[in-house]
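Subject: Structure handover

Hello,

Here is the structure I promised to pass on. Please have a look at it first, then read the notes below.

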Amino acid sequence: MTVQVEKLHKVVHGDHASPKKPARAPLFKQSQKTLTLCLLSALTLAAFFQEAIMRDAETRMTCKTVLYILVVSYCYCDYWLWMLHCFLDRKENLESRIPDIKEFATKFQEHHDFPTKVLYENHLGEIDDLVSAVAGMGLLLGYWTSPATKLIVVGVCMWGSLGSLNHFYGHALTNGYEIPPLYKYGQRWGLLPTAKHHKTHHTAPFEMNWNFLNGFYRIYEAVYFSTGSSYNGLFAMFYTCNPAVIQTWALALGILA
């Protein structure tokens, strides 16, 4: 009798106990390989050692040097990330004879179709090989370069990591996840590309807003479109102006003092 009364009560008053929603999968932990971190640390320590031990007091870095390092590394990284993204979004690279280029072009372009997949992968770790190559080249050329140059190379890698993580957390924000304050307020205050800005890139035909930092992407895209979206131009810049190769060019031209 008691059971029947309880059932009748539920029918009359309604059962307000809503079913629990299934737990949402947590965001994948973002990290870099030990080798990558060791190379970056070694290059940073080499710069500080050279600055503290091997240079005369009158040639030491100043506040202006620090500003120079931050501005140059940011501006170059902004350009490189835009070019990398634009280049790997080209359909021609799906048929590349270079396995790594073909693999990354496939990943970049599949990301347009499955944008939430990035939330369950180590997105930051995908750039480990590139960061290792850049830092490794910085160490190889370290005998001939200044502390400021070494720190610019480190800065390029750090800005690139920041752009990668902001991309990851931008997608997380779009999908209702809580994100770290650095990215939350960085986007809110216009210091980093917003999730809304990047969402425009994910609208077919996926041919704008290739940037990962807030820099000069409007200029890059204006020049790119003025060439008729030249693949050959992108191809040449990608292989001659990437952050590993450009260090050798700059050294040969006497820029890396």
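Start with the contacts (heavy atoms within 4.5 Å). In the protein chain, 72% of the contacts with a separation of 6 or more join residues 24 or more positions apart.

Two points on how to read this. The model is predicted, so local features need pLDDT of at least 70 and side-chain atom pairs count only at pLDDT 80 or more, while totals for chains, interfaces and linings use all residues. Residues are numbered from 1 along each chain as its sequence is written, and side-chain values use heavy atoms, with hydrogens and water left out.

Overall picture

The protein chain has 11 helices and 0 strands. Helices (H or I, at least four residues) and strands (E, at least two) are DSSP runs, numbered from the N terminus. The chain has 257 residues, and 42% of them count as buried. Buried means under 20% relative accessible area, exposed means over 50%, and partly exposed lies in between (1.4 Å probe, protein chains only). The chain exposes about 15400 Å², and carbon and sulfur atoms supply 67% of that area. Accessible areas come from the Shrake-Rupley method with a 1.4 Å probe; for residues, only the protein chains shown count as cover.

The largest pocket

The largest pocket holds about 950 Å³ of space. A pocket is an open set of points on a 1 Å grid over the protein atoms alone, where a 1.4 Å probe fits, with protein on both sides within 12 Å along at least five of seven lines; lining residues have an atom within 4 Å of a point. Grid points are joined across faces, edges and corners, and the volume is the space filled by probe spheres set on the points.

The lining of the largest pocket counts 41 residues. L84, F104, F108, E126 and I127 lie nearest the centre. Helix α4 gives the largest share of the lining, 8 residues. Helices that each supply at least two lining residues include α3 (63–88), α4 (99–113) and α6 (147–174). By class, the lining has 23 nonpolar, 10 polar and 8 charged residues. Here Ala, Val, Leu, Ile, Met, Phe, Trp, Tyr, Cys and Pro count as nonpolar, Asp, Glu, Lys and Arg as charged, and the others, Gly among them, as polar.

H111

H111 sits in helix α4. H111 is buried, at 14% relative accessible area. Leaving out residues up to four places away in sequence, H111 touches V118, H167, H171, H198 and H202. With H202 there is a side-chain to side-chain polar contact at 3.3 Å. A polar contact is a pair of N or O atoms within 3.5 Å; within protein, one must be able to donate a hydrogen and the other to accept it, and residues adjacent in sequence count only if both atoms are side-chain atoms.

E221 and N209

E221 lies in helix α9 (residues 217–226) and is buried, at 7% relative accessibility. Beyond four places in sequence, E221 is in contact with W82, M208, N209 and W210. W82 is 139 residues from E221 in sequence, yet their C-alpha atoms are 9.0 Å apart. A polar atom of the E221 side chain lies 2.9 Å from the backbone nitrogen of N209.

N209 belongs to the loop between α8 (195–201) and α9. N209 is buried too, at 6%. Its phi is positive, near 55 degrees, and N209 is not a glycine. Most residues other than glycine have a negative phi.

Best wishes
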